[in-house]
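Here is a short briefing for a first look at this structure. It goes topic by topic.

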Amino acid sequence: MRLALLSPLPPEQTGIADYAVQWRRAVNGAGVEVLTPLQGQRPILSLEDAQRWVAERDWSKVDVVHAELGGGRHGEFFVLSALAMLPNRPALSATIHDPERIVWRPVSALWRALDNASWVPALVSKILAVLFDPHTLWAERALARQLDGLVALTQTGAQRLARRMKVPVAKVRVIPHGTPGLPTQPLPDLSSLRLLYFGFIYSGKGIEDLVDALGTLLKQEPELASQVRLTIAGGTAPDIAFGAGSSYLDGLRQRVESQGLSGQVDWEFDVDEHDIPGLIQRHHLMVLPYRESRKLSLMGQMRGTSGALSWAIAAGRGAITSDARAFAEEISHGNGVSYPQGQVAALSEAIGAVLKEPDQVKQWAKAATVLSEQRLWARTGEAFVHYFETLNPWVARSARSGSLPGEAASLMSGGKRP
């Protein structure tokens, strides 16, 4: 099988890039060479750019083209759309990371021109995005119909994606987020509960809710202060101003201080991937308080899951999450509990309940360990290969020997069709 992957890859710092590098390694391990023709290429900003880029390459040696798509990934979206126009094309597939839409941001050239114009106020740009959304949805549905298969990470995402894109549910395969095989580490001593927020640290992740919930709990029951600590860890966003000389991180630190939590909160920034397992396993629970952005509600809801939550499962740790996205489904395996997003009192109550029943932590950790074994990246890679074989009957009969070096070089360098 000859497979091309359209996806961001490191050093780009996005959740999809982190996923894609693990995905490529797993599919390689399942015996399939993965070409990455977009890596190192010029940005593709329009369908016209994509059509030229596709025409410059020989796709006759490729059996399947698979993309990892999320909000705003225009380049991969346009390349898939251009490939769908070819008379003799490879099988086409995509993992949709943010269901129930494929690309979310408008694909209209006029909107992109206005969005990039310095004279257009940000508020006007957002209003225009809503006005252009029917065209975006039309383009997404057109591509969804043309793709040979779609993949979602959860049942929640698959059902909502199929409904919004108006494609049969059977066209969407569910393949959960893979987990690396990590050595089992025992839980830390339960005399003090160690909570961890892990992920990108910027506005929109609901971290404020977690700080407020812990502050509320300790104000109500100050005797618990010695029994709980919180670590806020992960990648930091660029220093976006939120006021005169302030940033989101400055505001978060001030919030911690105003809640009287300076002695309870630790910070770890820009954690190296190799240090992630140890970081999580030094804690008892991960807390992901994400809340769905209201501005997206007119366009849909992001029904994907979280790479951070997959790390918690891999490390054998339970989680407390909001019910945003598909988080509630992901911790419905006995590995955690969810609460209504945005409800600080409910989150505070959930933390307090665990403090009073620490055995719950042990039960969640056991369930997470079982789930991790079921979702090992090696198994995920095999699942994707079997799925790709269903997209093209010829592929199912072909040997998984991968591309010849010359064929790979031709695709990567832009070798034209003979």
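Helices (H or I, at least four residues) and strands (E, at least two) are DSSP runs, numbered from the N terminus. The model is predicted: local features need pLDDT of at least 70, side-chain atom pairs count only at pLDDT 80 or more, and totals for chains, interfaces and linings use all residues. Residues are numbered from 1 along each chain as its sequence is written, and side-chain values use heavy atoms, with hydrogens and water left out.

**Confidence**

- pLDDT is the predictor's confidence in each residue, from 0 to 100.
- The chain has a mean pLDDT of 89, and 90% of its residues reach 70 or more.
- Residues 239–245 stay under 50 in pLDDT. The model gives this stretch nine contacts (heavy atoms within 4.5 Å) beyond four places in sequence.
- Residues 395–406 also have pLDDT below 50. Beyond near neighbours in sequence, that stretch has 24 contacts in the model.

**Histidine 74**

- Histidine 74 lies in helix α3, which covers residues 74–84.
- Buried means under 20% relative accessible area, exposed over 50%, and partly exposed in between (1.4 Å probe, protein chains only).
- Histidine 74 counts as buried because its relative accessibility is 9%.
- A polar contact is a pair of N or O atoms within 3.5 Å; within protein, one must be able to donate a hydrogen and the other to accept it, and residues adjacent in sequence count only if both atoms are side-chain atoms.
- The histidine 74 side chain reaches the backbone oxygen of proline 106 at 2.9 Å. It also reaches the backbone oxygen of arginine 105 at 3.2 Å.
- Leaving out residues up to four places away in sequence, histidine 74 touches Val103, Arg105, Pro106, Val107 and Arg112.

**Aromatic pairs**

- Rings of Phe, Tyr and Trp (its six-membered ring) pair if their centres lie within 6.5 Å; planes under 30 degrees apart count as stacked, over 60 as edge-to-face and the rest as tilted.
- The whole structure holds 11 aromatic pairs.
- One of them is edge-to-face: tryptophan 23 with phenylalanine 388, at 6.1 Å centre to centre and 70° between the planes.
- Tryptophan 23 sits in helix α1 (residues 15–29) and phenylalanine 388 in helix α14 (residues 377–391), so this pair ties together parts that are 365 residues apart in sequence.
- Phenylalanine 77 and phenylalanine 78 make another edge-to-face pair, with 6.0 Å between centres and 70° between planes.
- Phenylalanine 77 is buried at 3% relative accessibility, and phenylalanine 78 is buried at 4%.
- Ring pairs also link Trp23, Phe384, Tyr387 and Phe388 into a cluster.

- The expected span of a helix is 1.5 Å times one less than its number of residues.
- α1 has 15 residues and reaches 21 Å from its first C-alpha to its last, close to the expected 21 Å.
- α14 has 15 residues and also spans 21 Å, close to the 21 Å expected.
- Buried residues of α1 include Tyr19, Gln22, Trp23 and Val27.
- Cover for the buried residues of α1 includes β1 (2–6), β2 (33–35), β3 (64–69) and α14.
- In α14, the buried residues include Trp377, Phe384, Tyr387, Phe388 and Glu389.
- Just after α1, glycine 31 takes a positive phi of about 100°.

**Charges over rings**

- A charge sits over a ring if NZ of Lys or CZ of Arg is within 6 Å of the ring centre and within 35 degrees of the ring normal.
- Arginine 253 places its charged end over the ring of tryptophan 267, 4.7 Å from the centre.
- Arginine 101 lies over the face of tryptophan 104, at 6.0 Å from the ring centre.

**Backbone features in loops**

- Tryptophan 104 lies in the loop between β4 and α4. Its phi is positive, about 70°, although it is not a glycine. Tryptophan 104 is buried, at 4% relative accessibility.
- Glutamate 100 is in the loop between β4 (91–96) and α4 (109–115). The peptide bond from proline 99 to glutamate 100 is cis, with omega near 25°.
- Proline 10 and proline 11 are joined by a cis peptide bond, with omega about 20°. Proline 11 is in the loop between β1 and α1.
- Aspartate 270 is in the loop between β11 (265–269) and α9 (276–281). Its phi is near 45°, positive in a residue other than glycine. Aspartate 270 is exposed, with a relative accessible area of 51%.
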